[in-house]
Amino acid sequence: MNWNIILTIAMKDLREVRANKMAWMPALIVPLIFVVVMPLLLIVGPQLLPIPAEELNREMGDLDAMMNALPPDLLAQIRGLQGLQIWIVLLAGFMFAPMFLIIPLMLASVVGSESFVGERERKTLEALLYTPATDRELFLGKVVAAVVPAVLITLFSFAAYTLVVNVSAYPVMGRVWFPLVTWWPLVLWVAPAIATLGMAASVLISSRVSSFMEAYQSTGMLVLPLLFLMIGQITGLISLSVVFMLGLGGIIWGIDAVLLYLGVAQFKRAELIARL
Amino acid sequence: MSAVIECDSVVKQFGALKAIDGLTFSVEAGEVFGMLGPNGAGKTTMVRLINGLLAASGGRLRTLGFDPITQGDRVRAHTGVLTETPSLYERFSARDNLLLFGRLYHVAPEKLTGRVDAVLRDLGLAERARDKVGGYSKGMKQRLAIARALLHEPQILFLDEPTAGLDPEAARHVTDLIEKLSREGGRTVLLATHNLTEAQRLCDRVAVLNQGRALAVGTPAQLSRDLWRSTWLDVELRGVNGGAPTDRLLAQVRAVPMVKAAAMEGHSLSLQVESEEAIPQMVAHLVRLGAQIVRVNPREHTLEEIYFALQEQAEKAV
Ligand SMILES: Nc1ncnc2c1ncn2[C@@H]1O[C@H](COP(=O)(O)OP(=O)(O)OP(=O)(O)O)[C@@H](O)[C@H]1O
Ligand SMILES: [Mg+2]
């Protein structure tokens, strides 16, 4: 295995994605919305509304009943807080967590679809197959192209989010409170697993569709489980605790392993050339 | 001379279809070998098998002494392939395409830009080297794809229908180029084509294929002899015994046992003999009959005639 070759292929795939605005624009705009636009709207917005603090506290107090149904982890986090503070912690600290996973998912599946299907669509694969690069090297190059930037941009988004949330909530919270402990396994363990999932899914789908758009849309289905995660959390069915995150990540890595195994088995020159 | 490609009873099956059906031939180092055959004959499939992109279903294949399936990377490091479609990254410039493939073909980093510039120059693309390939004409793309195939100075160059879809001028340009390439530096070239004029001009030996089988393998002259078992000679005469050529001479020639047929028009005499070996004897005979010979031309069958004769035979055999 030659890492020079693997990186050459990865860089090539990323350059191709860069040349396709239709592919990367949505993949960058989504993180931007999550990281900047939504927190600002939902954190700064209420601060600007002319609602007297007492009224807000009363409103949130009415929610006591519902909040007692919240998982203990969560309750512990908001105990002693009031009004807008609770709103901010619940929203920016918990509700956004599953949505954050959309970032690695989208980025990895955009690049994965581009490099696995796009290459066939544009009829460039054959020349690549005639090079001395082994099947394994070609495959890994594409995996690196899809997963590494997705993880890096997720980390970068996380840093930006931390900054935006802390700064915009400072007048209310009066301290640096983010990230909550659950975010560490989310960003460092679950997000890479999700990025790998998005990539592995696009590999498997790539043999069944003929265009980048088709592949991208199919991998978009993976957003659904993330929505369930969010709904589950709102309804109190799931609590995104550290243990839950570790378990969730473990399960996703398990699925990744199976999908990648299938992907590698399928990524053989003889198969690829016959399907050109 | 040693064989750089050896195919022995190679079979390639796609489901029920036998795309290659027991093909045997070998390609010697330094020669230009043509694979001729109609659409679907199996030319592209053979190029893929020889380079280890497909696994044969049967038979034995060796490329540069390697097994293309288990040692495909070693085979491909020494082969360059012009594929049927140019298969270029159209969003990149010509230069970037070549730099990319240079790395993938393990061209030494310190030699890479020099090689890239050299092939761009050789193929007349230096001026447009930084333009996106998407904006290139078909002929330019084809030349760039040839440049890519040559970049790592491969021992064997495969050209799969190099002039298909090009206008006559671009096709001519590409053919000239291939001729130049095959002459320099003892490179082996395997040309897959159904363009017979091109093959006639370029190939030392050919394999005529049909439905995955070799109808014949050899030099055009060998194939011609095998097919017709005779050679036509065009003899130009100044005269006979000091006078003009006469019908009497024609009659005498026809009477010679080794002559199968003869005709005369003015000063040119055409006659059919059994083989090329008979030519010296025939010439001696003519001299004895008093013919003053200016020129003797063994008439060669064109590759096109050979090709169609072979394909016709194959059809009759079915
Ligand atoms: N992947 C494949 N699956 C099924 N059949 C195939 C496949 N590849 C080639 N074939 C069949 O094998 C036969 C040989 O095809 P091949 O492309 O090698 O012919 P060719 O001589 O290159 O033809 P052309 O002049 O049209 O390029 C054809 O009948 C073709 O349909
Ligand atoms: Mg072909």
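Good morning. Because the model is predicted, local features require pLDDT of at least 70 and side-chain atom pairs count only at pLDDT 80 or more, while totals for chains, interfaces and linings use all residues. Residues are numbered from 1 along each chain as its sequence is written, chains are lettered from A and ligands numbered from 1 in the order in which they are written, and side-chain values use heavy atoms, with hydrogens and water left out.

I begin with ligand 1, which lies between chains A and B. Its shell holds 15 residues, the closest being B:Gly40, B:Lys43, B:Thr44, B:Thr45 and B:Glu84; a residue belongs there if one of its heavy atoms lies within 4 Å of the ligand. By type, the shell divides into 6 nonpolar, 6 polar and 3 charged residues; Gly counts as polar here, and Asp, Glu, Lys and Arg as charged.

Which elements supply this shell? In chain B, β2 (17-28) and α1 (43-50) each give at least two residues, and α1(B) gives the most, with 3. Helices (H or I, at least four residues) and strands (E, at least two) are DSSP runs, numbered from the N terminus.

I turn to the polar contacts, that is, pairs of N or O atoms within 3.5 Å. From chain A, a polar backbone atom of A:Ala274 is 3.4 Å from a nitrogen atom of ligand 1. From chain B, a polar backbone atom of B:Gly40 is 2.8 Å from an oxygen atom of the ligand, and a polar side-chain atom of B:Thr44 lies 2.7 Å from an oxygen atom of the ligand. The protein covers 69% of the 630 Å² of accessible area that ligand 1 has on its own, by the Shrake-Rupley method with a 1.4 Å probe.

Finally, the strand pairing: β8 (residues 205-210) and β9 (residues 213-218) of chain B run antiparallel, joined by 5 bridges; strands pair if DSSP finds at least two bridges between them. B:Asn210 has B:Arg213 as its bridge partner.

Methods:
A polar contact is a pair of N or O atoms within 3.5 Å; within protein, one must be able to donate a hydrogen and the other to accept it, and residues adjacent in sequence count only if both atoms are side-chain atoms.
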